[in-house]
Amino acid sequence: MSVVKINVLTVPAEQRETLEKRFAARAHAVENSDGFEWFELLRPVEGTDTYLVYTRWRDEESFQAWLEGPMKAAHRGADAPEAERPKPAASASTLWSFEVVQQAAPKPTEQ
C-alpha cells in the first residue's frame, strides 16, 4: 500500500501569500517523480496558522529518492549562493508519515 507524507507548516499570516506563490512557482515539480501518486497544498480556513502539504507515494523508497534528489534541489534554491536564497515562509515544520490501510473512491454514476 501507499505511504502518505504530510508536511505541517506553521505560516504567519504575513507569509501566507509568499508560501503559496513559492508552491505555485514549483507547480508540477514533483509529478514526474517515480512513485509519486498525489499532491495537495491545504490552506487553513479558520483558527490556525498551519498549512498541510499532502503527498502520497507508492512506497517509502520513492519518497526518500525524491527527498534526496529533486526536493533537495528545489529547496536549496538551485545553485544560488546562500546569501541570495529566500528566507523560509514557514516558521516551523513537522513531517508526519502514514501508511494507507484503507481507501475509497467515488463510485461511477450510471447514465
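**Close-up views of a predicted model**

**View 1. Pro44 is a buried residue, its relative accessible area being 8%.** Here, buried means under 20% relative accessible area, with exposed over 50% and partly exposed in between, using a 1.4 Å probe and protein chains only. This is a predicted model, in which local features need pLDDT of at least 70, side-chain atom pairs count only at pLDDT 80 or more, and totals for chains, interfaces and linings use all residues. Residues are numbered from 1 along each chain as its sequence is written, and side-chain values use heavy atoms, leaving out hydrogens and water.

**View 2. Pro44 sits in the loop that links strand E2 (36-42) to strand E3 (50-57).** Strands (E, at least two residues) and helices (H or I, at least four) are DSSP runs numbered from the N terminus. Setting aside neighbours within four places in sequence, you will find Pro44 in contact (heavy atoms within 4.5 Å) with Arg16, Asp49, Thr50 and Tyr51. Arg16 is 28 residues from Pro44 along the chain, and their C-alpha atoms are 9.9 Å apart.

**View 3. Four strands form an open sheet in the order E2-E3-E1-E4, with antiparallel pairing.** Strands E2 and E4 (92-99) are the edges, each pairing on one side only; two strands pair if DSSP finds at least two bridges between them. From one strand to the next, the twist averages 15 degrees.

**View 4. Strand E1 (residues 3-10) pairs with E4 in the antiparallel sense over 8 bridges.** Look for Ile6, which stands opposite Trp96 in E4.

**View 5. Helix H1 (residues 16-25) lies across E1, E2 and E3.** Helix H1 runs at about 20 degrees to E3. Axes are lines fitted to C-alpha atoms, for helices over the stretch in contact, and angles run from 0 to 180 degrees between N-to-C directions.
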